[in-house]
Amino acid sequence: MEAALNARGCLLSAPLTPNVARITPNPRGFPGFGLSSVGVCKFPRFGVTSGGIYCKDRSFPVIWAEAAAGGNVGFVSSSDVCGKFAGFGVSACGIYRKNRSLHVCKAEAAATGDGKPLFKEGEKEKPGGIFGIELSTLKKIVPLGLMFFCILFNYTILRDTKDVLVVTAKGSSAEIIPFLKTWVNLPMAIGFMLLYTKLANVLSKEALFYTVILPFIAFFGAFGFVLYPLSNYIHPQAFADQLLGVLGPRFLGPLAIMRIWSFCLFYVMAELWGSVVVSVLFWGFANQITTVEEAKKFYPLFGLGANVALIFSGRTVKYFSNLRQSLGPGVDGWAISLKAMMSIVVLMGLAICGLYWWVNTFVPLPTRSKKKKEKPKMGTMESLKFLVSSPYIRDLATLVVAYGVSINLVEVTWKSKLKAQFPTPNEYSSFMGDFSTATGIITFTMMLLSQFIFDKYGWGVAAKITPTVLLATGVAFFSLILFGDPLVPTLAKFGMTPLLAAVYVGAMQNIFSKSAKYSLFDPCKEMAYIPLDEDTKVKGKAAIDVVCNPLGKSGGALIQQFMILTFGSLANSTPYLGGILMVIVLAWLGAAKSLDGQFTALRREEELEKEMERAEAVKIPVIAEDRNGTTSSSSSSLSSISGDS
């Protein structure tokens, strides 16, 4: 038998053909392992007893070897499975005890019973599949990646189109968005989730998937080819004008919901595509068919793929929006562009269904434990009480709410300026295509840099980048709107007006804020839960999901509605919105600083507890031989050994 014990460059070799007299049974319960007293005695400083291998003049822990196939034994260890134990060492002359620390290697089988090595020198066992990835894993990950690409490709087209429809429509403006989000989008989202819960109780998972996604595909196809061409006939323009004359211009936003109801329905369906198809259908399906190990390895790649989809879909929107330039006079260029883009959405939707069918048909699902963990269900009042009682969760909740409110305050104001600069649907849509492409590129780059930021500067700096970016760009944006007149001569040298400059700065604000959110804010938020105890972790996440996410999304809209109804228009509310933004972001930065101190303290405490648990858990069996030749066995913990000097 050829075997070797490798530890940090030291090699201890056994003879090729040891003279084996007998094999003693394994006394400590390691199956397939035996010890040869004659073979080991080839090493003059070692002996064998029923308790294991021992050094005749120094005590050392028993090191058992794992059996190779067929029950044969070897003593080779690779360096990557070495474990550090204080008090012992390995050298060419044997295993010895030192005053400090040494590496005891876990043994692995390395030789066959006929004396031939299992692998040739330098040869390693190669995993199957492609690029080291098993084929069974590729059959899941590749279709999932394509599904994610198609879903987000569609979402980018729908997101850009919904803004074009409701902002540039006759009798509407960006002021419709806060009312639309609060009084139409939110109720329909709640209604959908109630319906989804009912359907989940009566339908299979596959039937539920098709039942949910096919109505989306049918609606977007019908909108491009039926609803939009008939919009002049089905929208109550005259009735809305009469109500506007009675109620006044401050009710332009609420009345626009009724005036362009089919466009508002498209807006809501596009919003639901992002929350339902992406979050519920795709991630639910991905979590169903992947293991934890696969998720850790491939889920980050999905994030990079999402930004690639953003880049390509932005170019698609740009291309079809520019079709108007090649059409003759009197032709509705936006109607033609809309038909083309909705056709792509339908084709991508059918491709998603096809990929889903293929995975369910040809890919075996991983086995899951049937034991279910009980999750605490917290109502709104219970969630509020828990948020108030915990400083850590309260700071984390401030981060979530502050982002939702602040991004909404700037975004709606920016879209109102965007309409003023690009009044036609094709011009507006073309700009949004460039905006989506730039967002994808910047976010892709930020995701690549985020690991360096976390490693180099830590959680605290990463958590402060998003509010800092939003504050700096937000101040620049509102300053151009409020104090743009003195800058007219300077901006004219660059061929820009204050309005165009505000549009570009607002676009930069949205691009960098969203890229910072996806690459830094979201990972920071999820990392903040890690050092919490299990009860606080689960209850805190439930409280933030119940209260803070909806509050952040609707808080900005409610503030804008109040400002519009109070001051008459969004433009008149701009100075106050800028002041509110500054206050919210400063509170966000304060909460991030406070949370950083608590997060760091909890991480240190957690690491200390883990070190103490490892020290208490590790027990090292020791066999010693005294000068009279008798042996004794004992067990000492790692902590006591490491304390020897």
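**Reading the helices**

Tutor: Start with helix 3 (residues 176-202): its 27 residues should span 39 Å at 1.5 Å a residue, and its end C-alpha atoms are 38 Å apart, which agrees. The expected span of a helix is 1.5 Å times one less than its number of residues. This is a predicted model, in which local features need pLDDT of at least 70 and side-chain atom pairs count only at pLDDT 80 or more, while totals for chains, interfaces and linings use all residues. Residues are numbered from 1 along each chain as its sequence is written, and side-chain values use heavy atoms, with hydrogens and water left out.

Student: How many helices and strands are there in the protein chain?

Tutor: Helices (H or I, at least four residues) and strands (E, at least two) are DSSP runs, numbered from the N terminus. The protein chain has 18 helices and eleven strands.

Student: Where does helix 3 bend?

Tutor: The bend at a residue is the angle between axes fitted to the seven residues ending there and the seven starting there. In helix 3 the bend is about 35° at Asn185, and the proline Pro187 follows within four residues.

Student: Which residues of helix 3 are buried?

Tutor: Buried means under 20% relative accessible area, exposed over 50%, and partly exposed in between (1.4 Å probe, protein chains only). The buried residues of helix 3 include Ile176, Phe179, Asn185, Phe192 and Tyr196. For the protein chain, buried residues make up 46% of the 645 residues.

Student: How many aromatic pairs does a search of the whole structure find?

Tutor: Rings of Phe, Tyr and Trp (its six-membered ring) pair if their centres lie within 6.5 Å; planes under 30 degrees apart count as stacked, over 60 as edge-to-face and the rest as tilted. The search of the whole structure finds 39 aromatic pairs. In one of them, Phe216 and Trp273, the ring centres are 5.9 Å apart and the planes stand at 80°, so the pair is edge-to-face. Phe216 is in helix 4 (residues 205-227) and Trp273 in helix 8 (residues 261-289), so to speak of the pair is to speak of a link between distant parts of the chain, 57 residues apart. Both Phe216 and Trp273 are buried.

Student: What kind of aromatic pair do Phe223 and Tyr228 form?

Tutor: The pair of Phe223 and Tyr228 is tilted, with 6.4 Å centre to centre and 50° between the planes. Phe223 is buried at a relative accessible area of 0%, and Tyr228 counts as buried at 13%. Ring pairs link these residues into a cluster whose members include Phe192, Tyr196, Phe216, Phe223, Tyr228 and Trp273.

Student: How many salt bridges does the structure hold?

Tutor: Side chains of opposite charge can pair when their charged atoms come close. A salt bridge is a side-chain nitrogen of Lys or Arg within 4 Å of a carboxyl oxygen of Asp or Glu. The structure holds eleven salt bridges. One of them joins Asp163 and Lys415, whose closest N and O atoms are 2.9 Å apart. Asp163 lies in helix 2 (residues 135-168) and Lys415 in helix 12 (residues 391-421), so the pair ties together parts that are 252 residues apart in sequence. Asp163 counts as buried at 3% relative accessibility, and Lys415 does at 6%.

Student: Are Arg315 and Asp434 buried or partly exposed?

Tutor: Arg315 counts as partly exposed at 38% relative accessibility, and Asp434 is partly exposed with a relative accessible area of 28%. Their side chains meet in a salt bridge of 2.3 Å, N to O. The pair links Arg315 in helix 9 (residues 292-321) with Asp434 in helix 13 (residues 425-482), 119 residues apart. Elsewhere, salt bridges that share partners join Lys162, Asp163, Glu271, Glu411, Lys415 and Lys514 into one network.

Student: Which residues does Gln509 touch?

Tutor: Contact means heavy atoms within 4.5 Å. Not counting residues up to four places away in sequence, Gln509 touches Ile407, Val410, Leu470, Thr473 and Gly474. Gln509 is in helix 15 (residues 498-529) and is buried, with a relative accessible area of 0%.

Student: How many disulfides does the structure hold?

Tutor: A disulfide is a pair of cysteine sulfur atoms within 2.5 Å. The structure holds zero disulfides. Cys264 is buried, with a relative accessible area of 3%, and Cys524 is buried, also at 3%.
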